[in-house]
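Please keep the sequence and the structure in view while reading.

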Amino acid sequence: DGSWTTPVIVSELGDNTLKDYQLILNDTGYIELLWSGVESGSIVVHSTIGTFGGSWSTPVHISTP
């Protein structure tokens, strides 16, 4: 419908999220958000999947420190 939805928090509180992130959209309505954060002094990549107008999955680490 062209309107914005209410913002949601996809990262845990206290997560030292860095500015580099990627948002991937596909034509079936899925969105993947990838971002990096600092954990124990190392950079870790996180991912979550959502749908247009829907909810987001629980973020997962897709790399190790």
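How many nonpolar, polar and charged residues does the lining of the largest pocket have? In this predicted model, that lining is made up of 12 nonpolar and 7 polar residues, with no charged residues. Rolling a probe the size of a water molecule over the atoms is what shows where empty space is left. The largest pocket holds about 610 Å³ of space, and of the 19 residues that line this pocket, Thr-5, Thr-6, Val-8, Ile-31 and Trp-56 lie nearest its centre. Strand S1, which covers residues 16-25, and strand S2 each contribute at least two residues to the lining, and the largest share, 3 residues, comes from S1.

Strand S2, residues 30-39, runs antiparallel to S3, and the two are joined over 10 bridges. Along this pairing Leu-33 stands opposite Thr-48 in S3, while Val-38 has Ile-43 in S3 as its bridge partner. The hairpin formed by S2 and S3 has 2 residues between the strands, and there Ser-40 takes a positive phi near 55°.

Strand S3, spanning 42-51, also takes part in a second pairing: S3 and S4 are antiparallel to one another over 2 bridges, and His-46 finds its bridge partner in His-61 of S4. Between strand S3 and strand S4, the latter being residues 60-61, there is a loop, and Phe-52 lies in that loop.

How values were computed:
Residues numbered from 1 in each chain as written. Predicted model: local features only at pLDDT ≥ 70, side-chain atom pairs only at ≥ 80, totals over all residues. Heavy atoms only, no water. Helix = DSSP H or I, 4+ residues; strand = E, 2+ residues; numbered from the N terminus. Pairing = 2+ DSSP bridges. 1 Å grid on protein atoms, 1.4 Å probe; cavity = no way out; pocket = protein on both sides within 12 Å on 5 of 7 lines; lining within 4 Å. Points joined across faces, edges and corners; volume = space filled by probe spheres on them. Nonpolar A, V, L, I, M, F, W, Y, C, P; charged D, E, K, R; others polar.
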